[in-house]
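Me: I would like to go through the labels attached to this model and check each one against its criterion. Could you take them in turn?

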Amino acid sequence: MAGELPRLSPEEALRYSRHLILPNVELEGQRRLKAARILVVGAGGLGSPVALYLAAAGVGTLGLVDFDVVDVTNLQRQLLHGTADVGRPKVDSATDRIRDANPHVHVEPYRTRLTSRNALEIMRDYDLVVDGTDNFATRYLTNDACVLLGKPNVYGSIFRFEGQASVFAAADGPCYRCLGPDPPPPGEVPSCAEGGVLGVLPGMIGTIQAAEAIKLVLGVGSTLVGRLLLVNALDMQFHTMRLRRDPACPACGTRTITELIDYDEFCGTPGGVPPADPDAVAEIVPTELARRLREGPPLELIDVREPGEWEVAHIEGARLVPLGQLQGSLPTFDGSREIVVMCRSGQRSAAAVRRLQAAGFRRVRNLAGGILRWSEEVDPSVPRY
Ligand SMILES: [Zn+2]
């Protein structure tokens, strides 16, 4: 095996000297790293430390999948990108940054969204995949593709002050579907864009993912296969939970999933072909709401976001009732008035409308497009975030 591994040039041997003297890595381990091909899905908060540390460590080939461009709100945590990169494709600024970190690394950028159509083709040539995605659809897609291809999936996810990491789809371990066969209903779990995230948290979780990826390449130590690491940065608590492979798991157990499905439809998220949605809620567009507010009759305006979001932007006359407090606040709602519910983009408020309807409120509508669309179409003085 060692004979087939690539040699290190004198420059590389010098650059990696702290690895070469390190037990469990040494010359052969460094050559393994040089031979390794690792795909990082997402060049954002998690992908930044993952790609930077894997590049610095001397992983020979790094694939990077991301369709997005750098936004100024990314810079609070996504260290692959700098202020001068705002507006550039993330894979471009990431490639430049990685080449500067280590010119010996070959970067393969894929400026695309990972989809059911391209995932197997992109992943096929890599040894392992690091999941740095920020949504359930791509997470299930990454997991299922890794199970089908038999490649380890180094998982991480973050929200507010909490993060998780594990290694899924390894030879004897569970997969992401063993942990949760069904995604949460859309709108129930806010994204980082809607719920916020501590800037340093993806650094903590992504660095753990990079360490797991390197150990998998080297074949040393104990990885997170069969364990879920839970990190709470607010209380600085680390816990691990045992995970078992679920024999009924449709991906890695019964293997009833033999090809990739439509994950947007599976997760009920927009992006794919919109399914006929029996849960679709009645909506009001921002311009119509503005007219109703001017001309009456009076409305009950409920904002279901979090207090920190309210501080950034809110609509005059609305009342803040965070989604988590909705149930307890129902007795305070005026059922004789029409209720309009809003959030940042309209996802969480749609979930709130369903709950209000289930509680017996008849005249409830969702503000289409949320405060973002209100800012675009009615009142540009309301900040967009
Ligand atoms: Zn499974």
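Me: Why is the site of the zinc ion called tetrahedral?
Reply: Four donors count as tetrahedral if all angles lie between 85 and 135 degrees; the angles among the four donor atoms here run from 91 to 125 degrees, so the site meets that definition. This is a predicted model, in which local features need pLDDT of at least 70 and side-chain atom pairs count only at pLDDT 80 or more, while totals for chains, interfaces and linings use all residues. Residues are numbered from 1 along each chain as its sequence is written, and side-chain values use heavy atoms, with hydrogens and water left out.

Me: What makes Cys 175, Cys 178, Cys 249 and Cys 252 donor residues of the zinc ion?
Reply: Donors are N, O and S atoms within 2.8 Å of the metal (3.2 Å for Na, K and Ca), and the SG atoms of these four cysteines coordinate the zinc ion at 2.3 Å, so they qualify as donors. Their spacing in sequence is C-x2-C-x70-C-x2-C.

Me: Why are Cys 178 and Cys 249 called buried?
Reply: Buried means under 20% relative accessible area, exposed over 50%, and partly exposed in between, with a 1.4 Å probe and protein chains only. Cys 178 has 14% and Cys 249 has 1%, so both count as buried.

Me: How do you know that the span of helix H15 is close to the expected one?
Reply: Helices (H or I, at least four residues) are DSSP runs, numbered from the N terminus, and the expected span is 1.5 Å times one less than the number of residues. For the twelve residues of H15 (347-358) that expectation is 16 Å, and the helix reaches 17 Å from its first C-alpha to its last.

Conventions
Tetrahedral: all angles 85-135°; square planar, octahedral: opposite > 155°, others 65-115°. Helix = DSSP H or I, 4+ residues; strand = E, 2+ residues; numbered from the N terminus.
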